[in-house]
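Student: I've got a new model open and I'd like to learn how to read its helices and sheets. Can you walk me through it?

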Amino acid sequence: MAEKKPPVGFLSDEHILWQSNPLPNQSLKNMEKPFLIFIGAMGVISLILLLVKEIKLFLTGCLPILVICLVVAGVYFFFEIKRQQTFFIVTDRRIIRSEGVFSKKLYDVKYRQVKDVILKYNSRSREGEIIIKLDGVNFSGNKSGEIHFGIIENVVTVYNLIQKQLAEYRGKV
């Protein structure tokens, strides 16, 4: 599958060194099949009750469960779309996080604004999280002055790339 193009404008001499979306939550992926089987069974039972004209039993028993299942499925798909619309980008000039479904939030940080980079790593899966602490920068709605790169693959490689870019920037100053 082709990687989606990030919704961010770049300078003419700026190069993307790495980009990715956060990984899907594996615990939710393991729940998909049982959930689909349950909602399918409820749909079949509801259809049978409607065909035999047991409207009262359908309205009191099946309809509330179907509504709850549809709401849960809707919330799951909303967060999946949000995950797919979130981009983590490292360029030769800055670090970018773009997220949002209906409106985009863009966190754009130059290397001179980075105070520290923290790595949270799971050695079994080679996945992890990167937290970028900022020096004197607070985004609206983000009081901590941090940018989080959620669960990503090969997190150590990305961490080393950011550290290399920081070293290059600090070497120029």
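This is a predicted model: local features need pLDDT of at least 70, side-chain atom pairs count only at pLDDT 80 or more; totals for chains, interfaces and linings use all residues.

Student: How many residues does helix 2 have, and what span is expected?

Tutor: Helices (H or I, at least four residues) and strands (E, at least two) are DSSP runs, numbered from the N terminus. The expected span of a helix is 1.5 Å times one less than its number of residues. Helix 2 covers residues 32-51, 20 residues in total, and its first and last C-alpha atoms are 28 Å apart, close to the 28 Å expected. Lysine 53 follows helix 2 and has a positive phi, near 60°.

Student: Which residues of helix 2 are buried?

Tutor: Buried means under 20% relative accessible area, exposed over 50%, and partly exposed in between (1.4 Å probe, protein chains only). In helix 2, Ile39, Met42, Ser46 and Leu49 are buried. They line one face of the helix, because seen down its axis they fall within an arc of 80°; the arc is that of the directions from the helix axis to the C-beta atoms. On the other side, Lys33, Leu36, Ile37, Leu47 and Leu51 are exposed. Helix 3 (55-84) is included in what covers the buried residues of helix 2, where contact means heavy atoms within 4.5 Å.

Student: On to sheets. What is the strand order in the sheet of four strands?

Tutor: Two strands pair if DSSP finds at least two bridges between them. This open sheet has the order 1-2-3-4, with antiparallel pairing. Strand 1 (16-20) and strand 4 (105-110) are its edges, each pairing on one side only. The twist averages 10° from one strand to the next. Six bridges join strand 3 (residues 94-99) to strand 4, and lysine 105 in strand 4 is the bridge partner of glutamate 99.

Student: Which helix packs on that sheet?

Tutor: Helix 4 (residues 155-172) does, touching strand 1, strand 2 (87-91) and strand 3, and its direction makes about 145° with that of strand 1. For such angles, axes are lines fitted to C-alpha atoms, for helices over the stretch in contact, and angles run from 0 to 180 degrees between N-to-C directions.

Student: What about the sheet of three strands: what is its order?

Tutor: That open sheet runs 5-6-7, again with antiparallel pairing. Its edge strands are strand 5 (114-122) and strand 7 (146-153). Helix 4 packs here too, touching strand 5, strand 6 and strand 7.

Student: Which residues of helix 4 are buried?

Tutor: Val155, Val158, Tyr159, Leu161, Ile162, Gln165 and Leu166. They cover an arc of only 160° around the axis, so they sit on the same side of helix 4. On the other side, Thr157 and Gly171 are exposed.

Student: And the loop residue: is glutamine 113 buried or exposed?

Tutor: Glutamine 113 is in the loop between strand 4 and strand 5, and counts as buried because its relative accessibility is 19%. A polar atom of its side chain lies 2.9 Å from the backbone nitrogen of lysine 110. Not counting residues up to four places away in sequence, glutamine 113 touches Asp108, Lys133, Leu134, Asp135 and Val137.

Conventions. Residues are numbered from 1 along each chain as its sequence is written. Side-chain values use heavy atoms; hydrogens and water are left out. A polar contact is a pair of N or O atoms within 3.5 Å; within protein, one must be able to donate a hydrogen and the other to accept it, and residues adjacent in sequence count only if both atoms are side-chain atoms.
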